[in-house]
Amino acid sequence: AAAIAVSSALTDMAKGKSLDQALEINKDDVVNDLGGLPATKIHCSMLGVDALHQAINEYLKSKK
């Protein structure tokens with residue numbers, strides 16, 4: 001459930017932002033947006049943030 005919540009919040013947070021702004025989103029931003037997560041679920045927020053950053057970086061590399 002935490003991974004789904006993180007993915008949903010992260011999607012909402014990234015919408016309307018430039019790629020540079022989306023790259024600035026971090027784990028703490030996601031956790032704060034959700035009003036906190038149990039300590040054992042914090043790693044779920046990093047998975048979503050890491051995936052977003054990786055996707056953006058791969059996109060930017062493909063544009064070179």
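The model is predicted, so local features need pLDDT of at least 70 and side-chain atom pairs count only at pLDDT 80 or more, while totals for chains, interfaces and linings use all residues. Residues are numbered from 1 along each chain as its sequence is written, and side-chain values use heavy atoms, with hydrogens and water left out.

Helix α4 covers residues 42-62; helices here are DSSP runs (H or I) of at least four residues, numbered from the N terminus. Its 21 residues should span 30 Å at 1.5 Å a residue, the expected span being 1.5 Å times one less than the number of residues. The end C-alpha atoms lie 31 Å apart, which agrees.

Buried residues of α4 include Cys 44, Gly 48, Leu 52 and Ile 56. Buried means under 20% relative accessible area, exposed over 50%, and partly exposed in between (1.4 Å probe, protein chains only). The buried residues of α4 pack against α1 (2-14), α2 (19-23) and α3 (27-33).

Tyr 59 also lies in α4, but counts as partly exposed because its relative accessibility is 41%.

Side chains of opposite charge can pair when their charged atoms come close. The whole structure has 2 salt bridges, each a side-chain nitrogen of Lys or Arg within 4 Å of a carboxyl oxygen of Asp or Glu. One joins Lys 15 and Asp 12 at 3.8 Å, N to O; Lys 15 is exposed at 58%, and Asp 12 is partly exposed at 49%. In another, the closest N and O atoms of Lys 27 and Asp 28 are 3.4 Å apart. Lys 27 is partly exposed at 28%, as is Asp 28 at 44%.

Key: Helix = DSSP H or I, 4+ residues; strand = E, 2+ residues; numbered from the N terminus. Contact = heavy atoms within 4.5 Å.
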